[in-house]
Amino acid sequence: MIELLAQTGLNAVYAASYISLVAVGLVLIFGVMGVINFAHGELFMAGAYVVVALYAQRFVPFFIAVAAGLVFVGLLGLLMERALFRPLRDNPLGGLVASIGFLMILQALAVMGFGVRMEYIPPVTQEVIAFSDKVRLPISRLYVIIAAVVMLSLLWYFLKRTRFGWALRASAQDPQAAALQGISVTLTAKIAMFIGAGFAGLAGALTAPLVSVNPYMGHSIIVTAFIVIIVGGVGSLEGAVLASIVYAFVHTFVTTFYDGVIADITGLMLMLIVLIVKPTGLFGSADRA
Amino acid sequence: MIAKALRGGFSRRMFLKSSAVTALGAALPNMTLAAGETIKIGFLAPLTGPVSAWGKPGLDGCTIWAERVNAEGGIKLEDGEHKIEFVAYDNEYDPAKARTGATKLIREDGVSFVMMLGGDTWPGVQPVADRTGMLFSTLLPSDLSPDTTTLVAPTEVHPIYIVTGVQWLAENRPELKTAVMCAQDDALGLPSVATYLAAFEAAGIEMQDDPLLFDPATTDFAPVVTRLLSSNPDIVCLDTCYSDYVHPICTQLFLQGFKGQIISATADFYDQMIAKTSKEFMEGFIFQFPDFDDPALNAEHINFPDANGFYTEYNKRYPGQWGAVSWEYASIMELWKLAAEKAGSVDPEAVLAAMQEGGKGQHAFGEASWWGEELFGIDHALVGDWPVVMIEDGKARIKAFVSIPDWYDQHGDLLIKYMTKYDQMWSQRS
């Protein structure tokens with residue numbers, strides 16, 4: 001039983017890692033721009049397809065392909081900011097609808113570029129850290145955990161210790177007051193979109209060899225990300241990370257000890273309970289909720 | 001004439017009568033063909049979207065099949081030879097789109113027969129079938145019920161054929177005593193779960209746990225595999241999982257150190273699974289869908305002409321795309337062609353009667369019987385032998401053809417018991 005608990009714990013840490021990368025990106029975009037980006041799951045998908053195109057089809061080293069995934073999807077984020085969200089800055093509902101349209105465009109582009117089949121991606125490594133016969137951590141999953149810890153730490157440092165980070169947080173708290181202080185709302189929006197989209201792309205790229213890559217793979221991750229940001233508190237980065245950990249552990253343990261369908265129901269129940277007990281989420285503030 | 005009708009008094013009753021006749025006439029498809037006219041066949045399946053792997057490869061196979069038939073002159077009916085052509089409609093596995101597609105194929109394209117994947121899309125199409133009397137085929141006999149009088153399941157009797165793999169395993173590897181199973185919680189997974197449970201019980205293999213059901217949206221299978229392996233099973237059964245699940249589950253089984261037997265309904269793109277794990281890990285993997293370059297398919301009882309040549313041509317045109325359904329729709333067409341030629345017409349009623357004459361049919365894997373009254377409420381499933389396929393040295397090979405009716409004669413009560421438990425009997429499905 002101890003081995004089962006340990007293996008399940010390792011599985012949960014991996015799940016928390018990639019979920020938090022996606023959720024934090026979504027929260028950052030919402031926090032700074034006030035837009036719910038429904039295309040975030042498709043940004044995750046786009047990151048995975050960069051790995052397909054570079055690593056699986058053109059034999060570019062995996063980590064270079066992953067870095068390219070982060071940058072490419074970050075640039076996609078900039079494109080969304082310029083083409084969709086900036087013209088609709090005072091219209092959050094318009095931004096949401098535009099992101100749904102962009103979601104469909106990205107899916108269609110993936111279908112046109114790669115077809116509808118599941119993509120084959122060679123394993124990055126088959127090495128495993130074996131703590132015992134029944135407790136094993138594949139190195140490929142360890143990469144995801146390390147990347148999430150490093151990138152989230154860097155983001156924390158950027159937001160708390162740099163002038164750009166302060167500007168970003170100021171814009172998130174009160175865009176008008178920030179603008180009066182000489183902070184460019186457009187620039188902070190660009191930074192938020194690049195980082196938020198880039199994180200989703202990074203998560204998709206890193207997990208690509210471990211999941212089935214197809215044009216519709218963004219559906220499930222966006223649902224999970226929404227549950228996480230509602231539980232964590234809409235607009236709260238700390239809340240998104242904590243909620244990712246809580247959700248991943250609950251979902252993984254319930255899947256292992258009951259089944260996956262009950263795990264999904266439990267995840268939704270978790271969200272409902274938080275909404276009833278603390279409607280703003282664990283770390284949310286009333287003005288953002 | 002109109003003036004005469006008006007002079008004679010165009011009563012409300014006459015108006016209703018004539019409207020009804022007009023509507024009925026419009027609903028019925030035009031079943032007559034001009035001499036030499038091309039016969040159109042509807043292909044109504046998911047060609048895009050998550051389920052397209054069970055549609056698009058089938059259309060590709062049909063294209064090759066049609067070229068071969070046309071090269072030999074076409075379909076020979078009473079009035080001479082007719083070329084054949086497929087008209088495809090992408091239903092995206094959506095019932096509403098399937099209904100629109102069925103109407104369009106019948107009314108606008110004038111097809112003589114419609115092939116479907118079935119499943120979730122059939123309820124959308126059934127009213128069209130009832131109204132028009134068009135002959136439809138499905139790969140999923142769970143669509144059948146006493147009401148589906150123009151629907152046949154003539155190739156893949158999913159999931160009943162999976163009993164053959166378990167029976168073969170029990171006979172050839174008797175040291176395997178325990179099993180666990182996982183499946184996606186959907187219309188494809190649940191009847192398969194019921195059938196595997198019946199097959200394992202019939203084979204004396206103990207299930208160590210209830211089947212582990214997962215949401216079809218699952219992407220990370222590590223927790224599922226951890227749970228499966230927690231009881232040290234001899235056999236891990238992957239049910240009828242889509243290839244999007246089979247691949248990551250096998251990868252996880254490999255990474256989490258499983259060294260036992262794996263059995264699955266399908267193993268599409270198994271070469272990729274070998275590349276993601278190892279040849280040694282995949283050795284002995286049992287599933288149910290052969291590569292058509294298998295020498296066993298040259299046997300006399302096989303009713304799929306030049307199966308090896310078909311496979312070669314398919315791989316030449318669509319490299320790396322061969323899957324479970326690549327041959328199935330073409331196999332249905334082979335059966336339909338024989339029936340149409342026997343009937344001398346493409347009229348759906350005549351073709352169906354010819355197809356089912358004597359209660360026997362020429363299934364791809366040998367002569368089979370029209371069957372299904374107990375399970376589906378109608379004898380519209382063509383059942384006979386089915387191959388058991390094993391991966392040996394990195395290549396799928398047919399190990400045996402096993403009789404499904406023989407298994408059912410001995411263990412049918414078990415199948416009904418589990419189908420009932422999972423609400424999969426036709427009377428429960430409605």
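Mentor: A word on terms before we begin: helices here are DSSP runs of at least four residues, numbered from the N terminus. Please also keep in mind that this is a predicted model.

Trainee: Understood. Then which helix does A:Val223 lie in?
Mentor: A:Val223 belongs to helix H9 of chain A, which spans residues 218–232.

Trainee: And why is A:Val223 partly exposed?
Mentor: Because 15 other C-beta atoms lie within 10 Å of A:Val223.

Trainee: How far is A:Val223 from A:Gly41?
Mentor: Their C-alpha atoms are separated by 8.5 Å, although the two residues are 182 apart along the chain.

Trainee: Changing topic: which parts of chain A are annotated as "transmembrane region"?
Mentor: An unreviewed UniProt entry gives that annotation to several spans of chain A, including 12–39, 191–211 and 217–250. In the model, residues 12–39 are 79% helix and 0% strand, with end C-alpha atoms 25 Å apart. For residues 191–211, the figures are 81% helix, 0% strand and 29 Å.

Trainee: What about the largest nonpolar core: how many residues does it have?
Mentor: It has 244 residues, and A:Val22 and A:Val51 have the most contacts inside it. Helix H1 of chain A, residues 2–33, gives the most to this core, with 19 residues. Chain B takes part as well: domain 1 (39–158 + 299–384) and domain 2 (160–290 + 388–429) each contribute at least three residues.

Trainee: Which residues does A:Val51 touch?
Mentor: Leaving aside residues up to four places away in sequence, among them are A:Ala56, A:Ile121, A:Ala205 and A:Ala208.

Trainee: Now the contact between the chains. How many residues does each chain supply?
Mentor: Chain B supplies 30 residues and chain A supplies 31. On the chain B side, strand E10 (212–214) and helices H8 (222–229), H9 (243–255) and H10 (270–276) each give at least two residues. By class, that side of chain B has 12 nonpolar, 12 polar and six charged residues.

Trainee: Last topic: what is the strand order in the five-stranded open sheet of chain B?
Mentor: The order is E4-E1-E5-E6-E7, with parallel pairing. Strands E4 (84–90) and E7 (151–152) each have a single partner strand, so one side of each has no neighbour in the sheet.

Trainee: And over how many bridges do E1 and E5 of chain B pair?
Mentor: Strand E1 (residues 39–45) and strand E5 (residues 114–116) pair over three bridges. Within E5, B:Val114 is the bridge partner of B:Gly42.

Conventions:
Residues numbered from 1 in each chain as written. Chains lettered and ligands numbered in written order. Predicted model: local features only at pLDDT ≥ 70, side-chain atom pairs only at ≥ 80, totals over all residues. UniProt positions renumbered as here; feature names shortened; annotations may be inferred. Buried ≥ 20, exposed ≤ 12 C-beta atoms within 10 Å, placed from the backbone. Core = buried A, V, L, I, M, F, W, Y, C linked by C-beta atoms within 7 Å. Domains from an automatic or database assignment. Contact = placed C-beta atoms within 7 Å. Nonpolar A, V, L, I, M, F, W, Y, C, P; charged D, E, K, R; others polar. Pairing = 2+ DSSP bridges.
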